[in-house]
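Work through the exercises below with the sequence and the model open. Try each task before reading its solution.

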Amino acid sequence: MQTAKPIGEFRMHRIMCKNKRILLGVSGGIAAYKTPELVRLLKKSGAEVQVICTPSALQFVTLKTLSVVSERPALVDFFDADSGMWNHHVELGLWADAMVVAPCGSNTLSKMVSGQCDNLLLTTYLSARCPVWIAPAMDLDMYQHPSVQEHLQTLQLRGVHLIDAEEGPLASGLEGKGRMAEPAHIVDALNTHFEVPDNAWKGKTVLVNAGPTYEPIDPVRFIGNRSSGLMGIEICNALIQKGAEVILVLGPSHLPVPENIKIIRVETALEMFDACCQHFGQCDVGIFAAAVSDYRVAQASQEKIKKNHDSMQLDLIKNPDILSHLSQTKKAHQRCIGFALETHNAESFALEKLQRKNLDAIVMNTVGENSGFQSTQNSVVIFTKNQAPFASNVQSKSDIAVLLLEKLDDWHVVE
Ligand code: C5P
């Protein structure tokens, strides 16, 4: 099987950050010594950079250096000691097109999660309306600590983008994962975000479904599943980058959703079925990433069921298979891509579904410690009828989404 091609290799010639306003938050950590270089690269990419340091960052890098390279006074205090002027965090937050916290140490990370705001960087983060990136940096054992990993996960589920730590020698003398991503890689992540859509899917309308469905048992209880909806939402983001028109039919998901697309919120599988049937006719492609409940309660109770008995039975009936229905009735120009999540015999089940549901491609999720439901990462194998399967590495779901669209292009599944 092939391996996924690395995404986001730094390409110096890209100047996608041109005229973008970037807030660089620098927290305390040895990696702060790399931030003047980061500022320099951002400026070279065409960005305006405003640096905000935490007080402890100043043990590792000076305000003077950062002010000189950014060509703006780097900030640390709420008030300018000389002029008495207030460095207004709300204004700073609104000014920016993007905010990057690099290095993001464990202390700042946990305060970002809990909403503490005892310095200018944190208050600005809470006020920022722009997308936010973090480039964590800490020693390898700290980085692997469950609290750090949970905090990284929480921020990502709130829509913060992670520029993952890299492996190599650490300040402690140990070697492993924890180094702040190289400044070039951080700039590349921003460049990718600001990249002008490549328009490869311009003129195409794509229906995406995502998230779980909730099947009511009574007015307060339901049958659901652990899907967060993130994979489908990242597919929408990647489609927007490629210039597609996107219609998202979204089950109950708490994640932030992309702007400027049509979103139809549904709760049950039947509602999702109706919404997809209603909109697929106007679409060229359907990407069905939702975790649709296979069954629903035959007769949901109108009143809350009382616990009067030691046991109870629920009568379940099968939900329609949205993907199967649409793919079997699709027109010649339409394409349907399904997802498959299996715990065993995954490949043979995926191939069987590809045939039975008349799909153009199927994306098999590999369920693992660091991928699948409720994870910000995924690893997939993509199958079509005519191509050798393609296996990805464990990557962020946003990278997997880009990879999937690239593969559908390369293989002429979607033309
Ligand atoms: O057959 P299975 O549920 O494993 O297939 C998964 C694929 O089928 C996913 O793409 C999912 O969105 C879709 N599906 C559906 N309607 C259902 C069940 C699954 O569209 N009732």
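This is a predicted model: local features need pLDDT of at least 70, side-chain atom pairs count only at pLDDT 80 or more; totals for chains, interfaces and linings use all residues.

**Exercise 1.** Find at what angle the axes of helix α9 and helix α13 cross, and classify the crossing.

Solution. 
- Locate the elements: α9 covers residues 230-241 and α13 covers residues 397-410.
- Their axes come within 8 Å and cross at roughly 55°.
- The crossing of α9 and α13 is right-handed.
- On the α9 side, the contact is made by Leu 230, Met 231, Glu 234, Ile 235, Ala 238 and Leu 239. On the α13 side, Lys 397, Ser 398, Ile 400, Ala 401, Val 402, Leu 404 and Leu 405 take part.
- Sorted by type, the residues of this contact between α9 and α13 are 10 nonpolar, 1 polar and 2 charged.

**Exercise 2.** Describe how helix α4 and helix α5 pack: what are the angle and the distance between their axes?

Solution. 
- Helix α4 takes in residues 106-114, and helix α5 takes in residues 120-127.
- The packing angle is about 40°, and the axes are 10 Å apart.
- The crossing of α4 past α5 is right-handed.
- Thr 108, Lys 111 and Met 112 of α4 meet Leu 121, Leu 122 and Tyr 125 of α5.
- By type, the residues of the contact of α4 with α5 are 4 nonpolar, 1 polar and 1 charged.

**Exercise 3.** Check the length of helix α10 against what its 12 residues should span, then list which of its residues are buried.

Solution. 
- Helix α10 runs over residues 269-280.
- The expected span is 1.5 Å times one less than the number of residues, so the 12 residues of α10 should span 16 Å.
- The end C-alpha atoms of α10 are 16 Å apart, which agrees.
- The buried residues of α10 are Ala 269, Met 272, Phe 273, Ala 275, Cys 276, His 279 and Phe 280.

**Exercise 4.** State which residues of helix α1 are buried and which elements they pack against.

Solution. 
- Within α1 (residues 35-44), Thr 35, Pro 36, Leu 38, Val 39, Leu 41 and Leu 42 are buried.
- These buried residues of α1 pack against strands β1, β2 and β3 and helices α2 and α8.
- Just after α1 comes Gly 46, with a positive phi of about 100°.

**Exercise 5.** Examine the backbone at Pro 103, Asn 260 and Asn 345.

Solution. 
- The peptide bond from Ala 102 to Pro 103 is cis, and its omega is near -5°. Pro 103 is placed in strand β3, residues 98-104.
- Asn 260 is not a glycine, yet its phi is positive, near 60°. Asn 260 sits in the loop between β11 and β12.
- The relative accessible area of Asn 260 is 79%; exposed means over 50%, so Asn 260 is exposed.
- Asn 345, also not a glycine, has a positive phi of about 45°. Asn 345 belongs to the loop between β16 and α12.

Methods:
Residues are numbered from 1 along each chain as its sequence is written. Side-chain values use heavy atoms; hydrogens and water are left out. Axes are lines fitted to C-alpha atoms, for helices over the stretch in contact, and angles run from 0 to 180 degrees between N-to-C directions. Helices (H or I, at least four residues) and strands (E, at least two) are DSSP runs, numbered from the N terminus. A crossing is left-handed if the near helix is turned anticlockwise from the far one by less than a right angle, and right-handed if clockwise. Contact means heavy atoms within 4.5 Å. Ala, Val, Leu, Ile, Met, Phe, Trp, Tyr, Cys and Pro count as nonpolar, Asp, Glu, Lys and Arg as charged, and the others, Gly among them, as polar. Buried means under 20% relative accessible area, exposed over 50%, partly exposed in between (1.4 Å probe, protein chains only).
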